[in-house]
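Subject: Structure handover and findings

Dear colleague,

Please find below the structure that I am handing over to you. My findings follow it.

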Amino acid sequence: MSGAGSSDRDALAERLGAQGVHTLIAQFTDLHGVAKGKWVPLSELDTLVQTGAGFSGPSIAGTGLPRTGPRSEYYGRGDPDTACALPWMPGFARVVCDGFVADEPFDACPRQVLKRQVAALAARGWTLQTGIEPEFFLLRGADGAVAAADRADRLDKPSYDLKSLPRQRDFLHQLAEGLRACGLDVFQIDHEDAHGQYELNFRHADVLTSADRLMLFKQAAHALAEEHGMLFSMMPKPFANQPGSGMHFHVSLWQGGRGLFDDATTLRHFIGGVLAHSAGLAALAAPTVNSYKRLVVGESLSGTSWAPAYVAHGPNNRTALVRTLPGRFEWRLPDASANPYLASAGLIAAGLDGIDRRIDPGAECTDDLFELSLAEIARRGIPVLPQSLNDALDALEADPALASALGETLTAEFVKAKRDEWIAYARHVSAWEIQRYAALL
C-alpha cells in the first residue's frame, strides 16, 4: 500500500476500525534505536500518512535540528503498509513513521538512512534479506541492582534449559502469539547461556521489514514484561560473569528469485567488505560502552561468550565474525543494543563496497578461534575488533564509505552522542574502583 491513495487509506481505516482500533501509535526510531512517537486518533490516519505527526525536532535524540524556524519541526509520516493492530494493547495499532523535515525526507532519520541503502541495492536490481535473532534478559530490580527475574534460574550451564523455560511460559507465549498476530512468523524460543536470558526467532524478510519487526518485538516485549512485573532488557552484558546478548543477522542477497550468494565470488567479496569495514561497523553494531564487555579479546570471565572479537570468516564457525552457510552468512558482530536500521545500513554499504572493489576476505578459518592464544592470533595476521566504544568511533570517523552511507548529519550526531557517552563512562567512579583503591593506596 506504499503511496496509498485515499481509497486505500479509507479501506485501511475501515479494517482497523473493524478490529476495534481507536488509536494509532505513530512510531519512529531515534538515533539510539529507541522507539518514540505519539498517539493519534484513527480518524487522523489520512493526515498521518500524507503530512505526518508533528514533533519538536531538537527534542529527538540525534536530529541536530534547531530550536527555531521551519527546520525545527520533525514530522513522522506513517507508512500504511506497516499498520498493525496490537493484541497486547487492544484498541491500538502501530504505524511505522519515516522522518520528514521541511517536507523532505530527513537525512538523519535512521529509517531513511536504511531506505537510501535499500535504494542503492534496488538500482542494481538487488534486494537484501535479513533474519535478525534478538537475545534478551528478563530481570528484576533496577539501576545497578538487577538479577534474573526467575530466582530459580541458577544452573551453571542454563542453555536450552527446559526447567526454567516453562516458568516464563505466560510471558513468552503472549509475546510469541502477539507477534504472530502482527504477521511475524515466530518459529522458536529458547533459554540462552546466561541466567534470565532468552532468544526469540522470527523468519527472515527484506532488510527494511526486518528492522521494522525488530522494533515491534522490542515494544511488545517491554510492554508484556512490565505487565508481568519484570524488566525486559537488551543491554548487551548486564552480568560480568555470564555471556551477553547478541543480535545476529542472517544475510542473503537476491536478484528476483535468484540467490546471489550461491555464487561463491559474490559471497566472498560481500564478506570481504564486511570484514574490511568491521572496525567502523562496530560503532553501529555494538554502540554502547557496555557492548565492549561482550566483545572481549582473550578469555572472558563468562567462559565462552559466543561474541567473536576476531575479524575472520569460516564455514559454520561461530567463533569467527562471519559464519558462512549455504547461500547466506551470519554476521555475529551486532549486539542487542544495536539500532537495526543503522546496523543494516552499514552492513549494506560495507558489502557493496566489497563487491565494487572485489575485496578478498582472506582464507576461510576452520579453527576454534577462542582456543588460540593472542600471540597465535597475531602471528596469523587476524585483526581484532576495537576494544572500546571510543576506538570504534575513531574507526567510524575514518571510514568514508560508512560515513557516506550514514550521511553527514547523522554521522556527526552519532559520533557526538557516543563520544559524550564514552566520556561520561570514563569519568564515572565505580564501586569496583572504590573497593580496589580506597583503602589500598
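How does Arg180 count in terms of relative accessibility: buried, partly exposed or exposed? The model is a predicted one, and in it Arg180 counts as partly exposed, at 37% relative accessibility.

Salt bridges

Arg180 forms a salt bridge with Glu177, the closest N and O atoms being 2.5 Å apart. Both residues belong to helix α4 (residues 169–181), and because they are three residues apart, about one helical turn separates them. Glu177 is likewise partly exposed, at 37% relative accessibility.

The count of salt bridges comes to 22. One of them pairs Asp46 with Arg9, with 2.3 Å between the closest N and O atoms. Asp46 lies in helix α2 (residues 45–50) and Arg9 in helix α1 (residues 6–18), so this pair ties together parts that are 37 residues apart in sequence. Asp46 counts as partly exposed at 32% relative accessibility, whereas Arg9 counts as buried at 7%.

Asp185 and Arg203 also meet through their side chains in a salt bridge, at 3.4 Å from N to O. This pair links distant parts of the chain, 18 residues apart: Asp185 is in the loop between α4 and β10 (186–191), and Arg203 is in the loop between β11 (197–202) and β12 (205–206). Asp185 is partly exposed at 41% relative accessibility, and Arg203 is partly exposed at 43%.

Helix α9 (residues 340–356) has 16 of its 17 residues buried, so the rest of the structure largely encloses it. Its end C-alpha atoms are 24 Å apart, which agrees with the 24 Å that its 17 residues should span at 1.5 Å a residue. At the N-terminal end, Asn339 caps α9, with a side-chain oxygen 3.0 Å from the backbone nitrogen of Tyr341. Arg358, which follows α9, has a positive phi, near 50 degrees.

Ala363 is in the loop between α9 and α10 (374–379). Ala363 is exposed, with a relative accessible area of 68%. Its C-alpha atom is separated by 10.0 Å from that of Arg268, 95 residues away along the chain.

Helix α11

The buried residues of helix α11 (residues 389–397) are Leu389, Ala392, Leu393, Ala395 and Leu396. They cover an arc of only 160 degrees around the axis, which means that they are on the same side of α11. These buried residues pack against α7 (278–285), α8 (291–294), α12 (400–406) and α13 (408–427).

Yours sincerely

Key. Residues are numbered from 1 along each chain as its sequence is written. This is a predicted model: local features need pLDDT of at least 70, side-chain atom pairs count only at pLDDT 80 or more; totals for chains, interfaces and linings use all residues. Side-chain values use heavy atoms; hydrogens and water are left out. Buried means under 20% relative accessible area, exposed over 50%, partly exposed in between (1.4 Å probe, protein chains only). Helices (H or I, at least four residues) and strands (E, at least two) are DSSP runs, numbered from the N terminus. The arc is that of the directions from the helix axis to the C-beta atoms. Contact means heavy atoms within 4.5 Å. The expected span of a helix is 1.5 Å times one less than its number of residues. A polar contact is a pair of N or O atoms within 3.5 Å; within protein, one must be able to donate a hydrogen and the other to accept it, and residues adjacent in sequence count only if both atoms are side-chain atoms. A salt bridge is a side-chain nitrogen of Lys or Arg within 4 Å of a carboxyl oxygen of Asp or Glu.
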